[in-house]
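I opened the notebook to keep track of what I look up in this structure.

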Amino acid sequence: MEISRRSALIGGAAAVPLLMTGSGLAQAATWKLKWSPQANKDGLGAFEGIEDDRAGSHPGTKHIYASGSDYRFDMHTRDRDTSTDRQRNEVRGMKAGGQNLDVGNGETWKWTYSMFIPSSLKSTTSFTHIMQTKMPGLGSAPVTVMSLRRTGGVQKIEFKITEGNVLVGNVDLEPLHNKWIDTEVEIKVGNGTGRVRWVVREGGRIVLDATKNNVDTWLDDRLRPKWGIYRSLGDTSGSLQNCYLLLRNLKAYKFE
């Protein structure tokens with residue numbers, strides 16, 4: 001059942017809005033670091049929740065854990081989600097100082113991090129998401145997704161806005177396999193007036209920098225990011241195998 005769009009957009013900020021300080025002097029808004037977990041210090045306490053084999057399909061096995069300075073997500077072909085046509089090992093939300101960080105309508109946030117996608121984690125003919133933004137609650141569709149998807153038989157990594165099936169951009173995945181790549185996701189949250197910018201870098205070289213304006217990046221309540229491996233078993237390319245995903249240097253900034 002489709003979730004209704006209930007909340008009107010709170011007035012979006014201009015490109016460089018001015019904020020009034022206590023002294024009455026105008027101050028330009030800027031990016032403020034809100035979240036910067038260290039895997040070897042904060043562990044999984046950096047996240048609002050953990051979805052590690054929630055169906056109990058692989059008992060005695062931990063699929064999500066800190067590995068040195070990295071967050072590691074393992075996926076095995078035997079793993080199943082509570083919806084048995086798919087697999088899901090993900091973390092959700094952000095926690096800092098013991099408090100959940102909420103992303104609200106009208107706000108602009110940016111997430112930056114590095115990821116290592118091994119050649120065993122392949123693009124598929126059905127969905128394989130490695131990052132999402134979602135509204136909390138059962139049955140809510142993702143608002144945005146970063147996915148590994150085959151396009152014309154070619155492995156791609158892509159970023160889409162779910163409402164309207166808007167492709168922000170995609171790039172060939174195979175040249176990015178088995179190396180650390182950097183990504184940046186910037187989202188202005190808005191009910192039809194949002195913006196998404198997605199950047200991918202490899203070895204300091206920009207391989208993709210794409211933006212979509214006037215898009216729908218809001219459902220209701222609040223928005224939160226998710227990371228991990230969430231994939232359909234409906235792949236027809238024979239690409240599903242035991243695999244993993246590594247993330248490091250996760251940071252979240254708010255424009256204020």
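This is a predicted model: local features need pLDDT of at least 70, side-chain atom pairs count only at pLDDT 80 or more; totals for chains, interfaces and linings use all residues.

**Entry 1: the whole chain**

I started with contacts in the protein chain between residues at least 6 apart in sequence, and 66% of them join residues at least 24 apart.

Next I looked up the secondary structure, and the protein chain has one helix and 19 strands. Then I checked burial: of the 256 residues in the protein chain, 48% are buried. For the surface, I found that the protein chain exposes about 11,300 Å², with carbon and sulfur atoms supplying 47% of that.

I went to strand S13 (residues 154-161) and asked how many of its eight residues are buried. I got seven of the eight, so S13 is largely enclosed by the rest of the structure.

Then I looked for its partners. Strand S12 (residues 144-151) pairs with S13 in the antiparallel sense, over eight bridges. One pair I wrote down is Val145, which stands opposite Lys160 in S13. S12 and S13 form a hairpin with two residues between them, and Gly152 in the turn has a positive phi of about 60 degrees.

S13 also pairs with S14, again in the antiparallel sense, over six bridges. Here I noted Ile161, which stands opposite Val166 in S14. This hairpin has four residues between S13 and S14, and Gly164 in its turn has a positive phi of about 85 degrees.

**Entry 2: Val166**

I stayed with Val166, which is found in strand S14 (residues 166-172). Is it buried, exposed or partly exposed? Val166 has a relative accessible area of 23%, so it counts as partly exposed; the cut-off for buried is under 20%.

I listed what Val166 touches, not counting residues up to four places away in sequence: Phe159, Lys160, Ile161, Lys212 and Val215. Val166 and Lys212 are 46 residues apart in sequence, and their C-alpha atoms are 8.3 Å apart in space.

**Entry 3: S16 and S17**

Strand S16 (residues 191-202) and strand S17 (residues 205-216) run antiparallel, and ten bridges join them. I looked up Val200, and its bridge partner in S17 is Leu208. Two residues lie between the strands of this hairpin, where Gly203 takes a positive phi near 60 degrees.

Asn214 is not a glycine, yet it has a positive phi of about 55 degrees. Asn214 sits in strand S17. Its relative accessible area is 62%, so Asn214 is exposed.

Asp53 is not a glycine either, and its phi is positive, at about 45 degrees. I found Asp53 in the loop between strand S4 (49-52) and strand S5 (64-67). Asp53 has a relative accessible area of 8%, so it is buried.

**Entry 4: Asn100**

I looked up Asn100 and found it in strand S9 (residues 99-100). Its relative accessibility is 34%, so Asn100 counts as partly exposed.

Which residues is Asn100 in contact with, leaving aside its neighbours within four places in sequence? I wrote down Glu48, Met94 and Lys95. I also checked Phe47: it is 53 residues from Asn100 along the chain, and their C-alpha atoms are separated by 8.1 Å.

**Entry 5: the largest pocket**

Last, I went looking for empty space. Rolling a probe the size of a water molecule over the atoms shows where such space is left.

The largest pocket has a volume of about 330 Å³. I counted its lining at 20 residues, and those nearest its centre are Arg88, Lys134, Gly137, Gly139 and Lys226. The elements that give two or more residues to this lining are strand S7 (86-92), strand S11 (128-134) and strand S18 (224-232).

What kinds of residues make up the lining? I sorted them into seven nonpolar, five polar and eight charged.

Definitions and conventions
Residues are numbered from 1 along each chain as its sequence is written. Side-chain values use heavy atoms; hydrogens and water are left out. On a 1 Å grid over the protein atoms alone, a cavity is a set of points where a 1.4 Å probe fits but cannot get out, and a pocket is an open set with protein on both sides within 12 Å along at least five of seven lines; lining residues have an atom within 4 Å of a point. Grid points are joined across faces, edges and corners, and a volume is the space filled by probe spheres set on the points. Ala, Val, Leu, Ile, Met, Phe, Trp, Tyr, Cys and Pro count as nonpolar, Asp, Glu, Lys and Arg as charged, and the others, Gly among them, as polar. Buried means under 20% relative accessible area, exposed over 50%, partly exposed in between (1.4 Å probe, protein chains only). Contact means heavy atoms within 4.5 Å. Accessible areas come from the Shrake-Rupley method with a 1.4 Å probe; for residues, only the protein chains shown count as cover. Two strands pair if DSSP finds at least two bridges between them.
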